[in-house]
Amino acid sequence: MDVSNLSIREINSLFTKKELKPSELYSKVFENAANSEAALHAHLTLFEEENIKKAAESDKRFSSGKSASLLDGIPIAIKDNINIKNYKTTCSSKMLSNYTSPYDATVIEKLKEQNTLFTGKTNLDEFAMGSSTENSAFGLTKNPWNTDYVPGGSSGGSAASVGARSSIAALGSDTGGSIRQPASFCGLVGFKPTYGTVSRFGLVAFASSLDQIGPITKTVDDSRIIFSSISGEDNRDATSVINNQLDIPSDNTATIGVIKELMEDGISDEAKNEVNKVVEILKSKGYKVKEISIPIIKLSISIYYLIAPAECSANLARFDGVRYGLRVDGKTSYEMMENTRAEGFGAEVKRRILLGTYALSAGYYDEYYGKALQARKEMIDEFAKTFKDVDYLISPTTPTQAFKSGEKTSNPLEMYMSDLCTIPANLAGLPAISIPTGLSKDKLPLGVQIMSKPLSDNPLLDFSEIIEKEVQFDGQPKGWL
Amino acid sequence: MSNEFNIKNIAKLASINLSKEEQDSLSNDLSIILEHVNALSDLKLHAQQQEIFIHPLEKELELQEDEVKKSLTHDEAISNAPESKDGKFVVPPSME
């Protein structure tokens with residue numbers, strides 16, 4: 001038995017029974033990192049030395065029976081767009097390569113209260129803009145299942161780290177699928193909670209009405225433990241909501257909808273087969289399953305690529321060479337700003353800032369941004385109507401298995417299409433989870449996505465756990481332990 | 001929807017100094033993306049959905065009390081500045 005393969009609850013049980021020490025597990029995940037980092041490049045920074053003392057403190061708490069937290073001594077990796085005090089937060093951008101955070105994000109404060117051990121900061125697409133972690137200014141991350149392939153993105157480093165067991169779990173952020181898509185590509189569980197249930201304070205903003213922090217884990221239960229630890233209303237995030245969970249059924253009295261528009265053209269047969277496989281299992285367990293049509297889903301990419309860039313162009317205006325980050329000299333302040341932003345941002349970030357600037361500019365605002373907002377509202381209403389009829393919606397997480405490094409870098413639109421199934425949950429603020437269900441013929445993981453109505457995260461996790469147990473996906477990338 | 005845009009103007013608005021090469025390639029990319037998002041122009045919207053939407057869960061914005069709360073110290077706030085003097089950010093002149 002390799003302890004880094006265990007779930008959080010299993011590890012906690014060993015800690016409590018004094019059969020394993022947090023410091024031993026901590027050393028083990030760093031051994032795994034030593035075996036995998038050169039090939040995968042999951043982390044931008046590894047924290048080993050700094051946290052050995054904290055691991056020893058966890059040892060003491062367990063040896064004296066004083067630990068009260070399931071996350072005490074659990075090594076967790078953090079996406080490098082989430083601030084940890086006194087550590088760099090680069091967002092994988094040249095713009096922030098020397099930025100040291102003077103404060104903790106709310107999620108970090110909460111994990112520190114639970115005595116979680118951080119393993120390091122993980123690689124991402126620059127400012128979380130991308131679907132393959134190929135947009136990082138600090139090099140590519142590779143898929144632990146096959147290094148010719150991308151790990152997905154933007155939380156690709158977090159997924160690769162959990163996949164290679166150089167952390168037990170990780171935090172990512174999800175604006176259009178950035179937790180669920182890499183989790184699916186790496187054979188893991190990825191959970192995007194209901195918008196507002198997890199504070200965004202301390203997450204470097206990309207598109208504020210869509211961004212949400214969540215876990216990437218080996219099991220659904222691990223995601224549940226982390227979600228319950230990091231959620232809660234926070235007055236430092238004006239969009240945060242009280243996490244009053246709804247009570248909807250997760251047993252076979254629940255009704256499941258298969259989204260017709262996400263089982264059509266553009267979705268591979270392999271991805272559809274995974275959904276059909278799960279549907280058959282659910283039917284055999286007595287669940288009622290029906291096909292549901294939400295036609296506006298077909299416009300998701302169009303709506304998203306107006307709203308997200310518009311918000312990004314406003315959020316990233318703060319990187320001006322004045323208060324933090326890179327500065328490139330110029331004769332005037334304006335020249336300095338233009339030179340700084342030219343040098344500091346990579347191609348994809350520039351593309352989105354320009355697209356958003358255009359969509360918000362005088363004469364085009366109503367035509368583009370205003371129209372996208374209206375369409376988004378229509379989508380929210382359509383989902384609300386659908387959830388009067390069904391409790392959960394099922395679809396593929398991604399249209400295909402992971403793609404090869406370099407395969408989609410020359411065509412931005414083709415890259416954007418890989419988020420087709422995940423974007424609707426962000427636009428409507430829904431909780432959504434990806435569960436690994438099988439392997440493709442190329443031996444790469446495939447997953448299914450389940451969505452439910454806002455503030456039904458807990459039932460969604462319960463329902464997902466039932467699927468997880470029935471599917472029994474126990475695949476694991478080889479060669480890293 | 002119209003797809004006519006002047007990449008130099010947009011770059012100026014976004015305060016990004018683009019090379020000629022970047023202007024050409026980004027112009028091309030933006031045309032392709034805008035052509036795709038034009039699908040929205042065919043969408044028939046219901047009359048009651050013309051309002052502008054802010055929060056996906058329709059949470060209403062609440063004003064907070066105007067009170068001093070714990071935040072960064074002055075030194076922390078300025079600790080990442082590319083250039084500072086006497087506790088202030090230093091920038092080049094606004095005009096030559």
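Q: What makes A:Gly232 partly exposed?
A: This residue has 16 other C-beta atoms within 10 Å. A residue is buried if 20 or more other C-beta atoms, placed from the backbone, lie within 10 Å of its own, exposed if 12 or fewer do, and partly exposed in between. The count of 16 falls in between, so A:Gly232 is partly exposed. A word on the source: this is a predicted model, in which local features need pLDDT of at least 70 and side-chain atom pairs count only at pLDDT 80 or more, while totals for chains, interfaces and linings use all residues. Residues are numbered from 1 along each chain as its sequence is written, and chains are lettered from A and ligands numbered from 1 in the order in which they are written.

Q: Where is the place of A:Gly232?
A: A:Gly232 sits in the loop between H7 and S7 of chain A. This glycine follows H7(A) and has a positive phi, near 135°. Its C-alpha atom is separated by 34 Å from that of A:Lys260, 28 residues apart along the chain. As for the names, helices (H or I, at least four residues) and strands (E, at least two) are DSSP runs, numbered from the N terminus.

Q: Why is A:Ser23 called buried?
A: A:Ser23 has 20 other C-beta atoms within 10 Å, so it is buried. This serine lies in helix H2 of chain A.

Q: With which residues is A:Ser23 in contact, leaving aside its neighbours within four places in sequence?
A: The partners are A:Ala55, A:Ala56 and A:Asp59. Two residues are in contact if their C-beta atoms, placed from the backbone, lie within 7 Å.

Q: What makes H2(A) roughly antiparallel to H3(A)?
A: Helix H2 (residues 22-40) and helix H3 (residues 48-63) of chain A pack at about 150°, with axes 7 Å apart. Angles under 35 degrees count as roughly parallel, over 145 as roughly antiparallel, 65 to 115 as roughly perpendicular and the rest as oblique, so this pair is roughly antiparallel. Axes are lines fitted to C-alpha atoms, for helices over the stretch in contact, and angles run from 0 to 180 degrees between N-to-C directions. The contact of H2(A) with H3(A) has six nonpolar, three polar and two charged residues. Here Ala, Val, Leu, Ile, Met, Phe, Trp, Tyr, Cys and Pro count as nonpolar, Asp, Glu, Lys and Arg as charged, and the others, Gly among them, as polar.

Q: How many bridges join S7 (residues 255-259) and S9 (residues 392-396) of chain A?
A: Three bridges join these strands, which run parallel. Two strands pair if DSSP finds at least two bridges between them, so S7(A) and S9(A) pair. One bridge partner in S9(A) is A:Leu393, for A:Gly257. S9(A) also pairs with S11 (residues 445-452) of chain A, in the antiparallel sense and over five bridges. There, A:Ser395 stands opposite A:Gln449.

Q: What makes S9(A) mostly covered?
A: Five of its five residues are buried.

Q: Which are the edge strands of the open sheet of 11 strands?
A: The sheet has the order S1-S3-S2-S4-S6-S5-S10-S11-S9-S7-S8 (chain A), with mixed pairing. S1 (43-46) and S8 (288-292) of chain A each pair on one side only, and they are the edge strands.

Q: Which residues have the most contacts inside the largest nonpolar core?
A: They are A:Ile76 and A:Leu306, in a core of 147 residues. The largest share, nine residues, comes from helix H9 (residues 300-315) of chain A. A nonpolar core is a set of buried Ala, Val, Leu, Ile, Met, Phe, Trp, Tyr and Cys residues joined through C-beta atoms within 7 Å. Not counting residues up to four places away in sequence, A:Leu306 touches A:Ala359, A:Tyr368, A:Tyr369, A:Ala372 and B:Val37.

Q: How many residues of chain B are in contact with chain A?
A: The contact involves 46 residues of chain B and 59 of chain A. H2(B) gives the most to the side of chain B that touches chain A, with seven residues. That side divides into 30 nonpolar, 11 polar and five charged residues. Of the 96 residues of chain B, 11% count as buried.
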